[in-house]
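I'd like to walk you through the side chains of one structure, so please have a look at it while I talk.

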Amino acid sequence: MTKSVFVNDVGTELLFYIGMSVDTVVEAKIYYKKPDGTTGYWVGEPVVGTNEIKYVIQEGDLDQAGEYKLQPYVDFGSWKGRGSIVSLTVEDILF
């Protein structure tokens, strides 16, 4: 990722390479672990015609500065699995 990401950013698009066509994905999620240990997931979406799923950061998603761990998950109906864990550093803001 080349762009800096900051606390309370909204609209930043995260792309996750899956390694196979995502045209038939039934469900896509991005599991996260925030700097304070809070876990959960965001609902992703396949980027049709590619090998990627995406998630666009919403209000309240990046509410802490520090390192977020992210892991994509896809469900093709007949196969389900997770991708590699990646780190996203979220920088603090002045005010």
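Predicted model: local features only at pLDDT ≥ 70, side-chain atom pairs only at ≥ 80, totals over all residues.

Let me start with a term: a charge sits over a ring if NZ of Lys or CZ of Arg is within 6 Å of the ring centre and within 35 degrees of the ring normal. Residues are numbered from 1 along each chain as its sequence is written, and side-chain values use heavy atoms, with hydrogens and water left out.

Now, which residue lies over the face of Tyr41? That is Lys29, at 4.2 Å from the ring centre.

Staying with Lys29, its side chain meets that of Glu27 in a salt bridge, 3.7 Å from N to O. By salt bridge I mean a side-chain nitrogen of Lys or Arg within 4 Å of a carboxyl oxygen of Asp or Glu. Are these two buried or exposed? Lys29 counts as buried at 13% relative accessibility, and Glu27 is partly exposed at 31%. The cut-offs are under 20% relative accessible area for buried, over 50% for exposed and partly exposed in between, using a 1.4 Å probe and protein chains only.

How many salt bridges does a search of the whole structure find? Five. One of them joins Lys54 and Glu13, with the closest N and O atoms 3.5 Å apart. Lys54 is in strand E6 and Glu13 in strand E2, so this pair ties together parts 41 residues apart in sequence. Strands (E, at least two residues) and helices (H or I, at least four) are DSSP runs, numbered from the N terminus. Another bridge, at 2.9 Å from N to O, is between Asp63 and Lys34. Here Asp63 comes from the loop between E6 and E7 and Lys34 from the loop between E3 and E4, 29 residues apart. Lys34 is buried at 9% relative accessibility, whereas Asp63 is partly exposed at 41%.

On to the aromatic rings. The whole-structure search gives five aromatic pairs. Rings of Phe, Tyr and Trp (its six-membered ring) pair if their centres lie within 6.5 Å; planes under 30 degrees apart are stacked, over 60 edge-to-face, and the rest tilted. Trp42 and Tyr55 are stacked, at 5.0 Å centre to centre with 10 degrees between the planes. Since Trp42 lies in strand E4 (residues 39–43) and Tyr55 in strand E6 (residues 52–56), the pair ties together parts 13 residues apart in sequence. Trp42 is buried at 6% relative accessible area, and Tyr55 is buried at 9%.

Trp42 turns up again in the largest nonpolar core, which has 21 residues; Trp42, Ile53 and Leu70 have the most contacts inside it. A nonpolar core here is a set of buried Ala, Val, Leu, Ile, Met, Phe, Trp, Tyr and Cys residues joined through side-chain atoms within 4.5 Å. Strands E2 (13–17), E3 (27–33), E6, E7 (66–75) and E9 (86–91) each give two or more residues to this core.
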